[in-house]
Amino acid sequence: LCWSLLREGVREFPGQPARVLASVNCRILRDTHAEEFVTVFYAVLDPATGSLVYCNAGHNPPLLLRAPTGQEVERLVRTGVPLGILEEAAWEEGRAQMAPGDVLVLHTDGIVEAQDVNDALFGEARLLAAVRSALDPAVERERVPRHVQGAILDDVQRFIGAAPPVDDITLVVLARN
């Protein structure tokens with residue numbers, strides 16, 4: 001339902017993340033009767049300029065690591081509550097500027113809350129370490145997102161080892177060339 005509503009909202013309000021989320025929120029509340037909610041990070045990136053406009057409806061903050069080393073990190077924090085909770089909810093639009101070589105890591109809580117056999121969490125510190133260790137200047141710029149994504153998923157798998165998964169793991173990595 002949420003995917004369908006998001007696609008509809010994007011067609012209705014192109015380039016306006018706050019209006020898209022407000023529209024989707026109203027429809028979820030109107031069309032469902034369950035006490036459920038959904039977290040969403042929705043962004044519009046202009047690849048030519050690197051301008052990023054986003055709304056974060058209660059989702060884990062994506063991480064924007066600055067080139068070339070990724071030591072500087074910007075968290076794209078929540079700009080409003082999850083969808084499906086409040087009728088009169090509103091979301092502020094956040095803005096970020098991606099420079100050439102910057103890397104954006106979007107992830108579900110299944111990454112940072114992945115647990116090993118001792119119930120320790122993977123955590124954001126390990127996530128950041130995995131990204132930074134994968135930022136290799138020898139990797140062609142076009143291959144950076146896939147390289148970083150593979151490194152993160154490999155690190156998560158090594159960390160959890162034989163432990164059963166506790167949640168889904170969804171990960172998207174973008175890099176500006």
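**Chatting through a predicted model**

Modeller: Leu 64 is buried, as its relative accessible area is 0%. Keep in mind that this is a predicted model.

Biologist: Good start! Where is Leu 64 found?

Modeller: Leu 64 sits in strand β3, which covers residues 63–65.

Biologist: And which residues is Leu 64 in contact with, leaving aside neighbours within four places in sequence?

Modeller: Leu 64 is in contact with Glu 72, Val 73 and Glu 74, then Ala 96, Gln 97 and Met 98, and also Asp 102, Val 103 and Leu 104.

Biologist: What separates the C-alpha atoms of Leu 64 and Ala 175?

Modeller: Those two C-alpha atoms are 9.4 Å apart, while Leu 64 and Ala 175 are 111 residues apart along the chain.

Biologist: Switching to helices: how do the axes of α4 and α5 cross?

Modeller: The axes of α4 (residues 123–134) and α5 (residues 144–160) come within 9 Å and cross at roughly 135°. The two helices are therefore oblique to each other, and their crossing is right-handed.

Biologist: Nice. Which residues meet there?

Modeller: From α4, Arg 126, Leu 127, Ala 130, Val 131 and Ala 134 meet His 147, Val 148, Ala 151, Ile 152, Asp 155 and Phe 159 of α5. By class, that contact has eight nonpolar, one polar and two charged residues.

Biologist: One last thing, is Thr 108 buried or exposed?

Modeller: Thr 108 counts as buried because its relative accessibility is 13%, under the 20% cut-off. Thr 108 lies in the loop between β6 (103–107) and α3 (109–112). Not counting residues up to four places away in sequence, Thr 108 touches His 59, Asn 60, Asp 168, Ile 169 and Thr 170.

Definitions and conventions
Residues numbered from 1 in each chain as written. Predicted model: local features only at pLDDT ≥ 70, side-chain atom pairs only at ≥ 80, totals over all residues. Heavy atoms only, no water. Axes fitted to C-alpha atoms, helices over the stretch in contact; angles between N-to-C directions. Helix = DSSP H or I, 4+ residues; strand = E, 2+ residues; numbered from the N terminus. Parallel < 35°, antiparallel > 145°, perpendicular 65-115°, else oblique. Left-handed = near helix turned anticlockwise from the far one by under 90°. Contact = heavy atoms within 4.5 Å. Nonpolar A, V, L, I, M, F, W, Y, C, P; charged D, E, K, R; others polar. Buried < 20%, exposed > 50% of the residue type's maximum accessible area, 1.4 Å probe, protein only.
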